[in-house]
Amino acid sequence: MLELRNVTKTVAGVDHIRDVSLTLQHGSLNVLLGPTLSGKTSLMRLMAGLDKPTAGSIWFDGVDVTGVPVQKRKIAMVYQQFINYPAMTVYDNIASPLRVAGADKATIDQEVKRAAELLKLTPYLGRTPLNLSGGQQQRTALARAIVKNARLVLLDEPLANLDYKLREELRAELPRIFAETGAIFVYATTEPHEALLLGGNVATLSEGRITQFGPTIEVFRKPNDLITARTFADPPLNTIVLKKSGRSFQLDGGVDLPVPADLAGIADASYTIGFQPHHLSFEKRTADAVGVKAKVSVTEITGSESFVHLSYADARWVMLSHGIHQFEPDEAIEVFIDPRHVMVFDANGRSAASPSQLAA
Amino acid sequence: MAGTREAVADKDKMMRDAVTTTGAVHGGAVDEALARRMRRRGEESRFWWVVPTIYIIFLMLPIYWLINMSFKSNQEILGAFSLWPQNPTLRNYAVIFTDPSWYKGYINSIIYVVMNTAISISVALPAAYAFSRYRFLGDKHLFFWLLTNRMAPPAVFALPFFQLYSAFGLIDTHIAVALAHCLFNVPLAVWILEGFMSGVPKEIDETAYIDGYSFPRFFVKIFVPLIASGIGVAAFFCFMFSWVELLIARTLTTTDAKPIAAIMTRTVSASGMDWGVLAAAGVLTIIPGALVIWFVRNYIAKGFALGRV
């Protein structure tokens, strides 16, 4: 169990990590999700012991490891850049943590071959890392992390610099490979869909703070606040500020957006309504879906999907829609919002739903 | 003459080939004009070799003349002008290899040069690592100040060194010269090595620590191999400076540690100037430098590209 207790890291007067408390269980997969500069790497370096927290403490299995040098901790880390020892062969690269630990030759050979097999590196064991492709280099780094049999595995955007095919392949395999070891697995990423694909738990980061930590799907569906919701949306979350009066939010042109049933009790005030791009549609999918007239600004077609950028009043929205749709710029179209999928945040950006309702 | 004409024909053919390939891109009439222009330019550049040849002759002449002289007897050198030795002799070299006062000079030079290179590199490695990996108060100023040591001519330091080393009884020892040259070589080596080290991502250090390497083990096993070419380049510059530096080496030595360059400046013997022996000594002095350059030539190119010199 890795525990961060009120950890703060300040570098040259700037807070990189602000009062983070987090508990990670053995055998769990934890995703750190946040935009660049949100503190993912800083947090990982603190977990690894590469940096010392300015305040707070870090505990591992009930032992305070705050000042313990990184050599003495059983951790493995893989960076976004492909970091290997260029002067050694792939075999020696993978074997290096075992050699340092003083394992005997037969064990080393067995472990290296097993890891190489797992990551499809067997044909390249005799080469040096710089003679490999990017994907192979990163797999070498991953293999080194595997043989170490670490209790804490930190992967800092390990797939960010790979081409998408390899990324998808490795993303599917990584949790499986490390799940067997029973280690605490921490994976940093900037991409919400990567977090969703990996599953497990997610901790969303914003400006050095953890905004929410919990099972990935739950955080995605019911973010505690607007920042978390924004962090966890790609393309960006659609928002609009609306006034609630009675049982509905007032949209332009006298259109009413019904307040979701579980939020019926909230006070009449201004709220920020948020909804994911795929919850906006051309057709009225459900009976209570509400149609609004929006103006098309751009349409991006990715193949099987279209991103339609819309403007509605002051708001800029993106609609994600299956199939290819083409619109003229400035064309006015009717789009439908399903009130069951809207998230409601109060003036402070906090979710309007009370915790008891979240659990329900 | 036939050979030249063939060469010209070849060149013309190459030009035409080049034109046909470009022709695919351009079009008809433009092609013709281009081809004509290129052909004319081709003829004009038949004398492309003239300037480089003159340049190389200009550079090589003194060296050739030195080698030429080293195979002549003194009478021939002082006698009629000749482009090559009329009566080639190895006497001059024989003198150097048999007379201790000559060959000792080479041994002395090599001893203190090697000592200096070893000291400079082993001192500069940790210093350069500190400069490349850590930020500390005044690090940038200190780094620049290091280089300013090289801005003063060695003559400036000859007097203080002489005084200081006399006081410690170090005069006429190899270590005295080696240490004195460190004043110039350590800053340069730090400067070069820092460039190479900064090219190695810090994450490699961290990965090694995560893998369990202690700092000394990481440094020797992982880091040094990564900057091997940088060490080669730095060692080369230390070697070259120490090998050619004359003033300090001469000031700090009298007989036992006298370098070859100093011996060469005092060859007026009872029988007058021994030109031939002097030339032979000169040739032998060029050889170690040439050898070192030959061995590190690949690294030098890399060094100029990666490190800062």
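**View 1. Strands β1, β4 and β5 of chain A pair in the antiparallel sense.** Strand β1 (residues 2–11) of chain A is joined to strand β4 (residues 55–60) of chain A by five bridges, and the two run antiparallel. Strands are DSSP runs of E with at least two residues, helices are DSSP runs of H or I with at least four residues, and both are numbered from the N terminus. Two strands are said to pair if DSSP finds at least two bridges between them. The bridge partner of A:R5 in β4(A) is A:S57. A:W59 stands opposite A:D64 in β5(A). The hairpin of β4(A) and β5(A) has two residues between the strands, and A:D61 takes a positive phi near 50° there.

The model is predicted: local features need pLDDT of at least 70 and side-chain atom pairs count only at pLDDT 80 or more, whereas totals for chains, interfaces and linings use all residues. Residues are numbered from 1 along each chain as its sequence is written, while chains are lettered from A and ligands numbered from 1 in the order in which they are written.

**View 2. A mixed open sheet in chain A has six strands.** The strand order is β6-β7-β8-β3-β9-β10 (chain A). β6 (75–78) and β10 (209–215) of chain A are the edge strands, each with a single partner, so one side of each has no neighbour in the sheet. From one strand to the next the twist averages 15°, where axes are lines fitted to C-alpha atoms (for helices over the stretch in contact) and angles run from 0 to 180 degrees between N-to-C directions. Within the sheet order, strand β7 (residues 152–156) and strand β8 (residues 184–189) of chain A pair in the parallel sense over five bridges. A:L152 has A:I184 in β8(A) as its bridge partner.

**View 3. A second open sheet of chain A has five strands with antiparallel pairing.** The order is β15-β19-β16-β17-β18 (chain A). The edges are β15 (280–281) and β18 (315–322) of chain A, each of which pairs on one side only. Six bridges connect strand β16 (residues 290–301) of chain A with strand β19 (residues 332–337) of chain A, and the two run antiparallel. A:K293 stands opposite A:E334 in β19(A).

**View 4. Chain A is assigned two domains.** Domain 1 covers 2–230 and domain 2 covers 236–353 of chain A; such bounds come from an automatic or database domain assignment. The C-alpha centres of these two domains of chain A lie 37 Å apart. Seven residues of domain 1 of chain A are in contact with nine residues of domain 2 of chain A, contact being C-beta atoms, placed from the backbone, within 7 Å. The side of domain 1 that touches domain 2 in chain A has four nonpolar, one polar and two charged residues. In this classification Ala, Val, Leu, Ile, Met, Phe, Trp, Tyr, Cys and Pro are nonpolar, Asp, Glu, Lys and Arg are charged, and the others, Gly among them, are polar. Chain A has nine helices and 20 strands, and 41% of its 360 residues count as buried. Buried means 20 or more other C-beta atoms within 10 Å of the residue's own, with C-beta atoms placed from the backbone.

**View 5. Chain B is assigned domain 1 (2–91) and domain 2 (99–306).** Nine residues of domain 1 of chain B are in contact with seven residues of domain 2 of chain B. On the domain 1 side, α3 (50–70) and α4 (74–78) of chain B each supply at least two residues, and α3(B) gives the most, with four. By class, that side has four nonpolar, three polar and two charged residues. Chain B has 15 helices and two strands, and buried residues make up 28% of its 309 residues.

**View 6. Chain B touches chain A partly through α10 and α11 of chain B.** In this interface, 14 residues of chain B are in contact with 17 residues of chain A. α10 (202–211) and α11 (215–226) of chain B each supply at least two residues of the chain B side. The largest share of that side, seven residues, comes from α10(B). The chain B side divides into eight nonpolar, three polar and three charged residues.

Key:
Contact = placed C-beta atoms within 7 Å. Buried ≥ 20, exposed ≤ 12 C-beta atoms within 10 Å, placed from the backbone.
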